[in-house]
Every structure is written in C-alpha cells, then in structure tokens.
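Good morning, and thank you for coming. I would like to take you through selected parts of one structure, beginning with a strand and its neighbours.

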Amino acid sequence: MHDTLRGNFRDKKCSDCDEMGCLFQHRGLLVLDDKLGSFCEFCWTERNEAYYRGEEPKPLGVKPPGIPEEFLDRRVKVTTKSGSIYELDLTEMANERIISCDRRKLHPTRVKVICLRIGKSLFLKPRDGSNFDLWWTSPVVSIEVIKRD
C-alpha cells in the first residue's frame, strides 16, 4: 500500500540526510522494500523528482549532495539567478558554513549546506537551534573560490 503523510514531524530525523524536522512520511513508490521513510522537504523533493524522471526507488539513507569536494576546504562566493551573492566561510565542520549575503542581513548566519550545485537552488539548514527550518535561494549560476587575503 502506498501512503504519504504531510505534516509537522519535528521530532523525526530525515531518513536520508539524518537532519531533525520532517514534512513527509512515506511508504510506497519512492522507497524500496515497503519501508516507512521520514523526509525533510529537500530529500522528499529529490526522491519525487527522481521518480518522475523514471529512476528506480532508492534505499533509505541516500545523502544529499552537500558541498562539492573541490570547495570543501575553501571559502566560496555563490551567485544566484536572482543576482544575490552569498559568501560561505569555513567552520570546523565540513558541510557547515558561516553565511552572509550582499543584499541583506541573514539570520541565522551558521548553516549546514544541504545542496550546493550549479543549476539547483542553494539549500541550507540553520544551525541556530531551529531544527525544522530549511531555506533555499534561487538557482545557483556560479560558485567561485574566495582567495585568502
């Protein structure tokens, strides 16, 4: 049987990215072996889009792309389709960054990068204690390394 619940599952960890705060619980076409999965908005969207592209269902635990390897240990400047420029500074954690924007003051400033890919939105998970929030930008058009001064 295929079932999908949409709700506020703040106490559930995403079955793919392992982050707290889910919007969907699903048993069916998007998950192998009739298992129940809980998903944040990003991971749900990734699975749903893969299904509509005709891809086979994936097992639970598929990790989101995060930061491309060539940018892991580097400060980067990300330009989006809307023209906003985000700077992602390093922290002690590989996928966590301190973020700033040229157009506005951001809160929070410490985030986990869920997805940083050209052509896709920059997806971020706040690290300020609000486990449920996930926010994203317009699609990324460029990623550049910021040279150290």
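Predicted model: local features only at pLDDT ≥ 70, side-chain atom pairs only at ≥ 80, totals over all residues.

Let me begin with a pair of residues: Lys 112 has Lys 125, in strand S8, as its bridge partner. Strands here are DSSP runs of E with at least two residues, and helices are runs of H or I with at least four, numbered from the N terminus. Residues are numbered from 1 along each chain as its sequence is written, and side-chain values use heavy atoms, with hydrogens and water left out.

Strand S7, residues 110-115, pairs with S8 in the antiparallel sense over 4 bridges; two strands pair if DSSP finds at least two bridges between them. The hairpin of S7 and S8 has 5 residues between the strands, and Gly 119 there takes a positive phi near 90°. S8 also pairs with strand S9, residues 135-145, in the antiparallel sense, over 3 bridges. Here Leu 124 has Trp 135 in S9 as its bridge partner.

I turn now to the aromatic rings. The structure holds 5 aromatic pairs. The centres of the Phe 39 and Trp 44 rings are 6.3 Å apart with the planes at 45°, so this pair is tilted. Rings of Phe, Tyr and Trp (its six-membered ring) pair if their centres lie within 6.5 Å; planes under 30 degrees apart count as stacked, over 60 as edge-to-face and the rest as tilted. Phe 39 is buried at 0% relative accessibility, and Trp 44 is buried at 11%. Ring pairs join Phe 24, Phe 39 and Trp 44 into a cluster.

Finally, the cysteines. There are 0 disulfides in the structure, a disulfide being a pair of cysteine sulfur atoms within 2.5 Å. For Cys 22, the nearest cysteine sulfur belongs to Cys 14 and is 5.0 Å away. Cys 22 is buried, with 0% relative accessible area.

Methods: Buried < 20%, exposed > 50% of the residue type's maximum accessible area, 1.4 Å probe, protein only.
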